Amino acid sequence: MPGRTHLIALLSFLALHVTKGRAGSFEHTQALLTKYCTACHGGKASAGGFNLTGLTSPESLQVKQTEWNRLLTRVRNSEMPPKGSPAPALDDRQDMVAWLETTLRRNACAAGFVPGAWPMRRLNRDEYSATIRDLLDVQVDAAHGLPADGAGGEGFDNAAETLFISPIHAEKYLEAAKEALDFGAKDPKSRKTFLLAVPGKDIMPEQAAAKTVEAFLPRAFRRPARPGEADRYLALFRNAQKRGETFDHSVLLALNAILISPEFLFHHEDANTSADPVLANDYAMASRLSYFLWGSMPDRALFDLAAAGKLQEPAVLQAQLERMLKDGKSREFAERFVSQWLGTRELGRDIKPDEKLFPDYYDAETQGAIRYEPVLFFQEILATNLSLLNLIDSKFSLLTNKTAKLYGLKIKEANQQPKVLEFPADSHRGGVLGMAAVLAVSSYPQRTSPVLRGKWILEYLLGTPPPPPPPNVPALKDNHAGAPAATLRERLELHRADPTCATCHNRIDPLGFALENYDVLGRWRTEEEGKPVDASGQLPDGTKINGADDLKKALLARKDVIIRNLTSKMLGYALGRGLTLSDSCTVDQIAARVAQENYSAQTLIRGIVMSVPFRYQPGTIANTAVKEVH
Ligand code: HEC
Ligand code: HEC
């Protein structure tokens, strides 16, 4: 049993941990492994086929990186030791994880930049819908009948980990493609885009169909057609003609078959069969770019550059990037990235403010303005290349008359259309923490929760989510008649008096308390339940803060942690997969450059697009670094 002195030692350590992070050590890690793991993984015991005997020397951190990484993952996720076995204290575990992460990353980065796999993954729902829209030039949501995607990897719905195809999907895809094609064939503008020829005086049906299919196929597959490939689809046209079907019907049948081919439905790149990593081919690069920045297929300019073999030239890439960010389609990226990164996509889905308590939210215009504020704000930062630190604090936002009113601001210029507006002095706004969408998704439907908001900051901004709460923690009791009225703070203080609760809640709660002046909808308040709002608190490193402005100062002091987290989230989004240890070398490099260039937003995007994982394909020998980056 840990004695009282031990507990006090633990707590004072935790107080230091958040900002400084005690340097762990090889010895400390080995001591923990001996104490908590060797019974099942040492000597002859190899539970799960895992043995620690080879991991006792410092050299093993170089030569057995894979094994150490498996160990790190299981300990970080609190999966080992298994439930019921004696486990290291929370701080010991965090200490070991932090030390191992740093050490393994340093070792991995010493080798240079290693491109990870570009896993084959299905177009997700949004990508499917946007691709059909651009391919056929139709304004329908072709994906409306497709099932929703889960999230994987770095928490985004374009992660390879979750995007496979089930038999139910297959049928839905057939229907979705047919519906979109039929719709397009009836629309004169859309028809011109993909039905390029009809039999006329001088054109035989076969020729007309060939012209259409040969032009459609490379756009749909996002690469040139292979020899004989178009002919396979034309066979469907011929068969239909033999059965006496109309020309339109016969061609659409061939196009439909193209749209249910895995070559259309999947992000698919031909594997690199050489030993070393190589630059992705130009067509693959066109798709990597367009699905990252537009969430859709490449346009004609990208296809043309790919055909000319120019897309991997750094100057060309840079120019394309600027062009693509200016295009309205980048809104798609801003929306999908921001709403998933910040969790605001859940607003109105899994998280809804209580309708009786917060009727203001149920005004359609207000709801729309709340929802789009973070998205438009982010898009503005990107398009005009502002500092990313605006995310933490800013002098402006994209407001409508509804959000201005909600925030209690008198701004004459505000109207129905969201636009860039400066906050008046003492507005208590600026940055994502003053936005209704963020404040609402980090609340319960009926009330604010400093715990949820603190957790939100740790997870979404700082990228250090607190471990999940232990089971059997009683929920906060609502005040009931007869009981003395207690504010939320008083009730939470009681919990934090208990050291086992304090280990987590000292880190979480003070961050959230600083936002208590905002209600569930982000409206400013100075009183709650008849008592003045107390937004004061003390961070684990001893910093005293009071209210949102102090909190933002404290977060700005940790801006590099926030920017690194944003960088790894965006890299994970751009790659469509979870990040590996060698990707973290790329993240470090990009984040450092962003800091050097005054946190400029486009430096981040450029860093990602120019990075080894984004531009290269791995070779057949695992973990080979790119020798010379082009
Ligand atoms: C009571 C026995 C027990 C203890 C103690 C224990 N493990 Fe395990 N471990 C298992 C079993 C059983 C498996 C196989 C089942 C599984 O993977 O969950 C396993 C699997 C693993 C794996 C293999 C996972 C993989 O990806 O292949 C790793 C790594 C691991 N444990 C690490 C540890 C570490 C580190 C500790 C100490 C912090 C530890 N274990 C403590 C029983 C134990
Ligand atoms: C390992 C970290 C950890 C420990 C230890 C911990 N908690 Fe928590 N607690 C959390 C997290 C994270 C949440 C937010 C849960 C969520 O996401 O819904 C939470 C939520 C809560 C809430 C809900 C807050 C609200 O606004 O309704 C209460 C109450 C609570 N914890 C009390 C306790 C008590 C009492 C203890 C000690 C017996 C304790 N916790 C120990 C991590 C922890």
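User: Which residues in H5 meet those of H6?

Analyst: This is a predicted model: local features need pLDDT of at least 70, side-chain atom pairs count only at pLDDT 80 or more, and totals for chains, interfaces and linings use all residues. Residues are numbered from 1 along each chain as its sequence is written, chains are lettered from A and ligands numbered from 1 in the order in which they are written, and side-chain values use heavy atoms, with hydrogens and water left out. Helices (H or I, at least four residues) and strands (E, at least two) are DSSP runs, numbered from the N terminus. Contact means heavy atoms within 4.5 Å; H6 brings Arg93, Met96, Val97, Leu100, Glu101, Leu104, Asn107 and Ala108, and H5 brings Gln65, Trp68, Asn69, Leu71, Leu72, Val75 and Arg76.

User: How many residues of the contact of H5 with H6 are nonpolar?

Analyst: Ala, Val, Leu, Ile, Met, Phe, Trp, Tyr, Cys and Pro count as nonpolar, Asp, Glu, Lys and Arg as charged, and the others, Gly among them, as polar. Three residues here are polar and three are charged. The nonpolar ones number nine.

User: Are H5 and H6 roughly parallel or roughly antiparallel to each other?

Analyst: Axes are lines fitted to C-alpha atoms, for helices over the stretch in contact, with angles from 0 to 180 degrees between N-to-C directions. The two axes come within 10 Å and cross at roughly 150°. Angles under 35 degrees count as roughly parallel, over 145 as roughly antiparallel, 65 to 115 as roughly perpendicular and the rest as oblique. H5 and H6 are therefore roughly antiparallel.

User: Is the crossing of H5 past H6 left-handed or right-handed?

Analyst: A crossing is left-handed if the near helix is turned anticlockwise from the far one by less than a right angle, and right-handed if clockwise. H5 passes H6 in a crossing that is left-handed.

User: Where does Pro81 lie?

Analyst: Pro81 is joined to Met80 by a cis peptide bond, with omega about -10°. Pro81 sits in the loop between helix H5 (65–76) and helix H6 (90–110).

User: Which residues come nearest to ligand 1?

Analyst: A residue is near a molecule or strand if one of its heavy atoms lies within 4 Å of it. There are 15 residues around ligand 1. Those that come nearest are Cys37, Cys40, His41, Arg74 and Met80.

User: What distance separates a polar side-chain atom of Arg74 from an oxygen atom of ligand 1?

Analyst: A polar contact is a pair of N or O atoms within 3.5 Å; within protein, one must be able to donate a hydrogen and the other to accept it, and residues adjacent in sequence count only if both atoms are side-chain atoms. A side-chain N or O atom of His41 is 2.7 Å from a nitrogen atom of ligand 1. One of Arg70 is 2.8 Å from an oxygen atom of ligand 1. For Arg74, the distance to an oxygen atom is 2.6 Å.

User: Which helix gives the most to the shell around ligand 2?

Analyst: Helix H21 (450–461) and helix H23 (499–513) each supply at least two residues. By class, the shell has 13 nonpolar, five polar and two charged residues. The top contributor, with five residues, is H23.

User: How far is a polar side-chain atom of Lys455 from an oxygen atom of ligand 2?

Analyst: Lys455 is among the residues that come nearest to ligand 2, along with Ser449, Cys501, Cys504 and His505. For Lys455, the value is 2.5 Å.

User: Are H25 and H26 oblique or roughly antiparallel to each other?

Analyst: The axes of H25 (residues 559–575) and H26 (residues 581–596) come within 9 Å and cross at roughly 125°. The crossing is right-handed. By their angle, H25 and H26 are therefore oblique.

User: Which residues of H15 make the contact with H16?

Analyst: The axes of H15 (residues 300–307) and H16 (residues 314–326) come within 12 Å and cross at roughly 170°. H16 contributes Val316, Gln320, Arg323 and Met324. From H15 come Ala301, Leu302 and Leu305.
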